[in-house]
Amino acid sequence: MSYFIDRRPNARNKSAVNRQRFLQRYRSHIKRAVEESVNRRSITDMERGERVSIPTKDISEPSFQHGPGGRRTVVNPGNKEFAEGDRLRRPGGGGGGGSGDGQASGQGEGMDEFVFSLSREEFLDFVFDGLELPHLERKQLQVLEETRPVRAGISKEGVPARINIVRSMREAQARRIGMRAPLKRALREAQEALVAEERKDPVLRNPARIEELKSEIARLEKRIGSIPFLDTYDLRYNHLTHQPMPSNQAVMFCIMDVSGSMTQAHKDIGKRFFLLLYLFLERNYEKVELVFVRHHTVAKEVDEEEFFYSRETGGTIVSSALTLVDEIIEARYAPEQWNLYVAQASDGDNWDDDSSSCLELLDESLMHKLQYFTYVEITPHAHQALWEAYDTVRAAYPERFAMQQIVQAEDIYPVFRELFRQRAQG
Amino acid sequence: MTQRKPIATGSDWTFQTLEAYEHAIAELAKEYRLETYPNQIEVITSEQMMDAYASVGMPVGYHHWSFGKQFLSVEQAYRRGQMGLAYELVINSDPCIAYLMEENSLMMQVLVIAHACYGHNSFFKGNYLFRTWTDASAIVDYLVFARKYIAQCEERHGVEAVEQLLDACHALQNYGVDRYKRPSSISAEEEVRRQEEREAYLQTQVNRLWSTIPVPVSELAQSPLHDHENDPLGLHRHGRYPSEPQENLLYFLEKNAPLLEPWQREIVRIVRKLAQYFYPQRQTQVMNEGWATFWHYTLMNRMYDDGLIDEGTMLEFLQSHTSVVAQPGYDSPYFSGINPYALGFAMFSDIKRICQSPTSEDREWFPDVAGSDWLETLHFAMQNFKDESFIQQFLSPNVIRNLKLFSLVDDDRDDSLQIEAIHDDRGYRRIRDALSVQYALSAREPNIQVWEADIRGDRSLTLRHVQDRRRPLGQSLFPVMRYLHQLWGFPIKLESMEGGEIVRRYQWPIPEPARESA
């Protein structure tokens, strides 16, 4: 007897738990491999997983096994030239001519690598492991303006639309039982007394007593009848409170200098930095919007393509970009609703007198709205006025302003980690 | 036999065609007296097949990182195209569960049905090892029980604690079987019913063993250790514990490890029971695959003869079958040991040949078999042997010649390797002996037994390893001893014996002075 079952629609990931257990157990190995690969490969590749290899000996499952040595007899197939009694040189020292069965034990162990693939998600988890968005929580509490109503128990007051019928009826029933109980007890006693009285010998009956009891019964029945089925103070209403809702969306402003001094190499480095930040934000927020602002002497909001690839020449006025960002925030992204991040990349050039206005702009307006401002300066040279000005801002907002210098592409990832590493609490 | 129309042609399959073929194969199987459990044939995707692989074919398994490791390596190999996925996967259960991959062509599906659902299935049902050691009707329930129990332990005691314990048990799982004692069958209902009872009972047993209250003198056996001079109170005259060496390390630990909690004992038991379930499979690889391959070959040919499959399908089948039973020579780049499919298929086919058209050589070597009813003899061979004895009994000179087997001696006292025997008159018997030993579990795994638990002294546990032809233990010894130490809770000693003498001692934890010199 046989039957067929189509299991194809069943869940696929039966091994997901075991896979996670494995990744968890070899966390440190995998992390090391991931870090190496991040440094090696271009950030534009971040969208795919990674092959990771771990030395086999680190993850072997030991069991009692025969070691090399002693006397062994091995039967192999495919004899061509051997005759009984032939002697052969031992191949390559130790070991011996490939053992037939599954004893891979002592031979060449430790040379092997256990290789497997991480999915993109797992890969990014490891990339961003130990990183944290600075002061995410604190800022979220600040962004409490937006609320939504949530059920919060039952109240005695409310509008008819929110009557909780079940609870109201329950109250009413309790009240009815409570109010009727003494009356019913009295009624029962009166009825029993009446019956007892009527059963007495006609000579001994007290007509006045009977009359009295009858009127008492009538009175009690009337009182019981008059207890209302539903009274106003039985009513219960669903209570709603307004609970603040943390905003779960972010905007990332990418600001880049596109003046003549920024070469394509500079821009590529900047792009990688932006990309890392974007991936990172994406993991922390439900929704992340990108705004690209490029500038030379004037700033302009552009799309991604233009941002990275079109070339401009001319001087540099950084404050123009900051002003534009401020305007965009005013117009489209209310700080109560959005978590605002700014990432700026530049080679550090700025017109001399502009740096101070940048400082002013940041200090007076922008920094109050922003979650975090990161500035990377891509230059091997000494710092200029802009760095000095930003340094002052950093001193004023040490928790929300970060800046680092990048010389070449390999520096990006370490710098990024530095900017977002988990800070000790308190 | 009248020529019939092929049930289907081409490479696409449907459930209707599969059912029709299954039906046809079942009819033929009856003719060949293949007795099977009912078949539960499941069609799955390749991803599901990888899942099934990773859990070593258990349809439900408990969670452990090593299965994740298995999954990752299968996935990697498959993605890179180094490995085709399972030819088939079949589970020794009642009903017998077999997996078909949806990507397979019609021919492959039919082949797998013949191979797994009638070949392996009848082997599971007929072979004495499986009949003795496994209970096909209970295994799935037991796996469910084990998975639930371990999940509960994880909730109660933490994933890490359970994982540590499982690591330690897995290291010893090849030493969780009583080879010479008939096991009690495993039944899930029974397990659940008795589990709590056992927990309490076990604990009292262990407590008694370790209790310091003396046993009444009347129960004490007089032993030569008893020495009135040094031990006037007779504290040491109990003799060795255990009085006989114990081969089942996990069983011994489950019952005797002093410090294990009841739930930990239960997990040791689960690993032991599952090891027992897989014990027959490890000893019948050649026979099992050979039997299944022989039958898919026979059944497919028969269906072709009956006209149930067309020439195209048959050609595709032959191509696939040929690569399955290919045996590359020892010097080929594709060589990875003896192919159990090839050896098993060659042996079963040769038994049939000896029955049907024996040569004078066959009559000399197999007087009982030559000329007997082939089906009868084949069933007898399948039912009553394991790889070791099957080879000893049935490996014919003809098969040795065809595979050009030769045996090679690797002795560390000799600076060269020596060819001990080749496929000639002088060599057949020696090759047969050597190959038989090669498949003997007792020679594949070091012989290690519990020798003494020092329950009145430092509570150390002493194991004895009886060396087989001076072969020492491998590097993995110390990690395993560490796990043993975790389970036992007190020092572990291991003595390697050669010819009745101790040749090497190992200890864990490593004693302080030794560690410095090491």
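This is a predicted model: local features need pLDDT of at least 70, side-chain atom pairs count only at pLDDT 80 or more; totals for chains, interfaces and linings use all residues.

Student: How many helices and strands does chain B have?

Tutor: Helices (H or I, at least four residues) and strands (E, at least two) are DSSP runs, numbered from the N terminus. Chain B has 21 helices and nine strands.

Student: What share of chain B is buried?

Tutor: A residue is buried if 20 or more other C-beta atoms, placed from the backbone, lie within 10 Å of its own. In chain B, 42% of the 518 residues are buried.

Student: Which residues of α9(B) are buried?

Tutor: They are B:Leu249, B:Leu250, B:Tyr251, B:Phe252, B:Leu253, B:Glu254 and B:Asn256. Seven of the eight residues of α9(B) are buried, so this helix is largely enclosed by the rest of the structure.

Student: At what angle do α9 and α10 of chain B pack?

Tutor: Axes are lines fitted to C-alpha atoms over the stretch in contact, and angles run from 0 to 180 degrees between N-to-C directions. Helix α9 (residues 249-256) and helix α10 (residues 262-283) of chain B pack at about 160°, their axes 9 Å apart. Angles over 145 degrees count as roughly antiparallel, and α9(B) and α10(B) are therefore roughly antiparallel to each other.

Student: Which residues make the contact between α9(B) and α10(B)?

Tutor: Two residues are in contact if their C-beta atoms, placed from the backbone, lie within 7 Å. From α9(B) come B:Leu250, B:Tyr251, B:Leu253 and B:Glu254; from α10(B), B:Arg265, B:Val268, B:Arg269, B:Val271 and B:Arg272.

Student: Where is B:Gly176, and is B:Gly176 buried or exposed?

Tutor: B:Gly176 lies in the loop between α7 (159-171) and α8 (188-210) of chain B. B:Gly176 is buried, with 25 other C-beta atoms within 10 Å.

Student: Which residues is B:Gly176 in contact with, leaving aside neighbours within four places in sequence?

Tutor: Among them are B:Leu250, B:Tyr251, B:Val271 and B:Arg272. B:Leu250 and B:Tyr251 also belong to the α9(B) side of the helix contact, and B:Val271 and B:Arg272 to the α10(B) side.

Methods
Residues are numbered from 1 along each chain as its sequence is written. Chains are lettered from A and ligands numbered from 1 in the order in which they are written. A residue is buried if 20 or more other C-beta atoms lie within 10 Å of its own, exposed if 12 or fewer, and partly exposed in between; C-beta atoms are placed from the backbone. Angles under 35 degrees count as roughly parallel, over 145 as roughly antiparallel, 65 to 115 as roughly perpendicular and the rest as oblique.
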